[in-house]
Amino acid sequence: VAVETTIVEQGEIFQSITVPGKVVSKLRVDVTPSIAGRLTNVYVEEGDEVKKGELLARLDDREAKSNLKRSEANLRNAKEDVSLAERSLKRLRRAFSKGAVARQLVEEAEVELRSAKARLSVAEEEVRTSKLSLENPRIVAPFAGTITSRYVEMGQWVVPSETLFILVDQSQREIEVRVDAADSGGIAVGQTVTLSSDAFPGLEWQESVTRLAAATSNVGNANTVSVYVSLGSSAPSLRFGQQADSEIRTAWNPSALKVPYGAIINRSGKTFVAVVQDNFVNLVEVETGIEDFSHVEIRQGVSVGQFVILANGADITEGDRVVIESNN
């Protein structure tokens, strides 16, 4: 039988998953107002760099100022009520000690003092709330970062659940890729990832897996797991949200024994390679490992340099006499 052969070689082999990803940030927040109101000023645009505490927008605070004045007036009245109740109780106690008034009047004055003090506590809380509301019209940056989205304009009415801006910390950029949940078992922190981007043709650089999401998410009909990849100093200047292609190396052996796919023979649930010995076929059962796009790792059964037949599905049997037609 005329056959084509190759040799068992030793070298690097790795298995990988190729998935698209995008640039995200570990620190990202939707900036929302704490109260409803009309925006009187918007100070930032998409792409602006802001500092922590910097003013981003302002709501109309006229109603908040009016509420503060009203609550402060109520507080003054409540303090006067307490002062009057204390003086009245003091006079009645003195009169009661001389037998001039009944005890019931003293008890009623004590009740009135307690009520006045309760009203004072409520008025004090209203003042604190009003002062806080007066601060709430100021919408500020919770941390230093970049405004990546702006959804509002001056004069717009907004409510607490509404997103006004998206703020991200560009210094904490990373790549998020979503892999099928069935493939996620082979991914672990520290694995090598080769990245590329259409924005930088011909450029590839290596990063590593930094963390995996704790739970799966359902996108369409597929369960996926978010895998996060580092963006180190060797990475180009990718913008937030920009796409990058990721090849995650899930298994790797730098000095594996390997043969091409065409040399593998599967029969009766076992795996063989056909070794050529003195022009005869010797079917050797092997244990395989990592598989890449063209080769299979052989963990046990053969040694480096042996000639094996590229069967490519042909019916090769033990003991066949062969003629080597070509050797790859």
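## Exercises on a Predicted Structure

R178 is partly exposed, with a relative accessible area of 40% (buried means under 20%, exposed over 50%, partly exposed in between, with a 1.4 Å probe and protein chains only). This is a predicted model, in which local features need pLDDT of at least 70 and side-chain atom pairs count only at pLDDT 80 or more, while totals for chains, interfaces and linings use all residues. Residues are numbered from 1 along each chain as its sequence is written, and side-chain values use heavy atoms, with hydrogens and water left out.

**Exercise 1.** Determine which residue meets the side chain of R178 in a salt bridge.

*Solution.*
- Step 1. A salt bridge requires a side-chain nitrogen of Lys or Arg within 4 Å of a carboxyl oxygen of Asp or Glu.
- Step 2. The partner of R178 is E176, at 3.7 Å from N to O.
- Step 3. E176 is buried, as its relative accessible area is 12%.

**Exercise 2.** Explain why the salt bridge between E12 and R249 ties together parts that are apart in sequence.

*Solution.*
- Step 1. The closest N and O atoms of E12 and R249 are 3.6 Å apart.
- Step 2. E12 belongs to strand β2 (residues 9–25) and R249 to strand β16 (residues 243–260), so the bridge links parts that are 237 residues apart in sequence. Strands (E, at least two residues) and helices (H or I, at least four) are DSSP runs, numbered from the N terminus.
- Step 3. E12 is partly exposed, at 39% relative accessible area, whereas R249 is buried, at 17%.

**Exercise 3.** Describe the salt bridge of R267 and state where its partner lies.

*Solution.*
- Step 1. The side chain of R267 meets that of D315 at 3.5 Å, N to O.
- Step 2. R267 lies in strand β17, and D315 lies in the loop between β22 (307–309) and β23 (323–327); the pair therefore joins parts 48 residues apart in sequence.
- Step 3. R267 is partly exposed, with 28% relative accessibility, and D315 is exposed, with 62%.

**Exercise 4.** Identify the edge strands of the open sheet of four strands.

*Solution.*
- Step 1. The strand order is β7-β6-β4-β9, with antiparallel pairing.
- Step 2. The edge strands are β7 (138–140) and β9 (157–158), since each pairs on one side only; pairing requires that DSSP finds at least two bridges between two strands.
- Step 3. Strand β4 (residues 37–42) pairs with β9 over two bridges, and R38 stands opposite W157 in β9.
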